[in-house]
Amino acid sequence: MPTPLTLKTGLAFGESPRWHDDRLWLSDWGTREIVAVDTDGSSEVVVSVPSAPACIDWLPDGRLLVVSGGEGLLLRRENDGSLVTHADLSGLSPHAWNEIVVDGYGRAYVNNIGFEFGGDFAPGIIAMVTQDGSASVVAEGIAFPNGMVHTPDSSTLIVAESYGNTLTAFEVAPDGRLENRRVWAELGEGVPDGICLDAEGAIWYGDVPNKRCVRVREGGEVLDTVGLDRGCFACALGGSDGKTLFMVAAEWPEAMSEGSRTGRVLAAEVSSAGVGWSKSRSKRR
């Protein structure tokens, strides 16, 4: 079992970690800021966003996409630092938007949990946004969609169903539609939140109620577990060799409280590096 080290403290509610441009980027939902963290723990606020949830990923040309979930907007950060609307998602669902992942063709997949958090459950959806900003629903009936990853060839999308205790896979059609849904892994009592994929085809998932980050192979076999003292919301693989597992964690449900600062970035060395088409764009353009 890898032993985690604390890289950064004082976050409100860290989410959506991504290794990009030789730094760990993440969203602090509590402060509505996108933060970039160096491996020595130093950090800077890159941009402030209008509303949370606020997950992130990058277009092939290097421009940052940010979900402004409460507004129902997908924002794009231009080269001059300004934020513009990339897509308006508000017509697809009245509820807040959540996680995002961009594939190798520049298509952004954004999910929506389908209900007001804390209210009565309803299944969620995944929308696809093309590079011209057109948005359409490509998957429905997902039990609290959360973290998502693409395989390196962009042929498969895997989504965490937090309320289904399942990782679910879709084949990606040439036009970006999601087809042939299947169970990638049943997780038993595991509650998957943010996820990342490694070079051996295994997935790490953050688990808030069980205070851990877990590595599983397709089919559900548990390969490794990192136990934490607080809930793990998401994870990302990065570092100089891709073998550092970064985890964003916080006390739950205290993280939802105004002024809470229990959020941390934790890091552990693991055996297999991260993969994904995005690894090819890890340097500044």
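Residues are numbered from 1 along each chain as its sequence is written. In this predicted model, local features need pLDDT of at least 70 and side-chain atom pairs count only at pLDDT 80 or more, while totals for chains, interfaces and linings use all residues; side-chain values use heavy atoms, with hydrogens and water left out.

An open sheet is built from four strands in the order β18-β19-β20-β21, with antiparallel pairing. Strands are DSSP runs (E, at least two residues), numbered from the N terminus, and two of them pair if DSSP finds at least two bridges between them. The edges of the sheet are β18 (192–197) and β21 (222–227), each of which pairs on one side only. From one strand to the next the twist averages 20°, where axes are lines fitted to C-alpha atoms and angles run from 0 to 180 degrees between N-to-C directions. Within this order, β19 (residues 203–207) and β20 (residues 212–216) run antiparallel and are joined by five bridges. Opposite D207 stands R212 in β20.

A further antiparallel pair consists of β16 (residues 166–172) and β17 (residues 178–186), connected over six bridges. T166 has E186 in β17 as its bridge partner. The hairpin of these strands has five residues between them, and G176 there adopts a positive phi near 95°.

No disulfide (a pair of cysteine sulfur atoms within 2.5 Å) was found in a search of the whole structure. For C196, which is in no disulfide, the nearest cysteine sulfur is that of C235, 3.7 Å away.

On the surface, F117, F121, Y163, W252 and M256 form a nonpolar patch with about 540 Å² of accessible area together. Patches are made of residues with over 30% relative accessible area and no salt bridge, nonpolar side chains being joined within 5 Å; a salt bridge is a side-chain nitrogen of Lys or Arg within 4 Å of a carboxyl oxygen of Asp or Glu. Accessible areas come from the Shrake-Rupley method with a 1.4 Å probe. W252 lies in the loop between β23 (244–250) and β24 (263–269). With a relative accessible area of 34%, W252 is partly exposed, a class that lies between buried and exposed (over 50%).

Terms used: Patch = residues over 30% accessible without salt bridge, like charges linked within 9 Å, V, L, I, M, F, W, Y side chains within 5 Å. Buried < 20%, exposed > 50% of the residue type's maximum accessible area, 1.4 Å probe, protein only.
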